Amino acid sequence: MSDDYTALQGYNPEADLGLGCGLPTAFAKIKAGDTVIDLGSGAGNDCFVARSVAGESGKVIGIDFTEKND
């Protein structure tokens, strides 16, 4: 999917692998102080966006099982 993250606070172009499945952070109703878990986080772009919303009082955990490539 080719959703456009570029206007979202926290977006990191270096972590945009073009492999996302939509913009889950747009629908998750994340608030400051929330704990967010991103399953299948890949390079972490959704985590970066969620962190910008959850703020310093929140916590974001990214989990991915992709094998490390050397």
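Residues are called buried under 20% relative accessible area, exposed over 50%, and partly exposed in between (1.4 Å probe, protein chains only). At 51% relative accessibility, Lys31 therefore counts as exposed. The structure is a predicted model, in which local features need pLDDT of at least 70, side-chain atom pairs count only at pLDDT 80 or more, and totals for chains, interfaces and linings use all residues. Numbering starts from 1 along each chain as its sequence is written, and side-chain values use heavy atoms, with hydrogens and water left out.

The chain holds one helix and two strands. Helices (H or I, at least four residues) and strands (E, at least two) are DSSP runs, numbered from the N terminus. The order from the N terminus is β-α-β. Confidence is given as pLDDT, the predictor's score for each residue from 0 to 100. The chain has a mean pLDDT of 82, with 83% of its residues at 70 or more. Confidence is highest in β2, at a mean of 95, and lowest in α1, at 89.

Of the 70 residues in the chain, 26% are buried. Accessible areas were computed by the Shrake-Rupley method with a 1.4 Å probe; for residues, only the protein chains shown count as cover. The chain exposes about 5,200 Å², and carbon and sulfur atoms supply 54% of that area. Contacts are defined by heavy atoms within 4.5 Å. Among contacts between residues at least 6 apart in sequence, 44% join residues at least 24 apart.

Part of the surface is nonpolar. Ile37, Leu39, Ile61, Ile63 and Phe65 make a nonpolar patch of about 550 Å². Strands β1 (35-39) and β2 (59-63) are the elements that give two or more residues to this patch. Patches are made of residues with over 30% relative accessible area and no salt bridge; like charges are joined within 9 Å, and nonpolar side chains (Val, Leu, Ile, Met, Phe, Trp, Tyr) within 5 Å. Ile61 belongs to strand β2. Its relative accessibility is 32%, so Ile61 counts as partly exposed.

Asp38 lies in strand β1. Asp38 is buried but has no salt bridge. A salt bridge requires a side-chain nitrogen of Lys or Arg within 4 Å of a carboxyl oxygen of Asp or Glu. The nearest side chain of opposite charge to Asp38 is Arg51, 13 Å away. For charge, Lys and Arg count as positive and Asp and Glu as negative, while His and the chain ends are not counted. Residues up to four places away in sequence aside, Asp38 touches Asp46, Cys47, Ile61, Gly62 and Ile63.

Ser41 sits in the loop between β1 and α1 (45-54). Ser41 has a relative accessible area of 12% and is therefore buried. Beyond its neighbours within four places in sequence, Ser41 contacts Cys47, Gly62, Ile63 and Asp64. Ser41 and Phe65 are 24 residues apart along the chain, and their C-alpha atoms are 8.9 Å apart.

The whole structure contains two salt bridges. One joins Lys31 to Asp34, with the closest N and O atoms 3.7 Å apart. Asp34 is partly exposed, at a relative accessible area of 21%. The side chains of Arg51 and Glu56 also meet in a salt bridge (3.7 Å, N to O). Glu56 has a relative accessible area of 75% and is exposed. Arg51 counts as partly exposed, at 32% relative accessibility.
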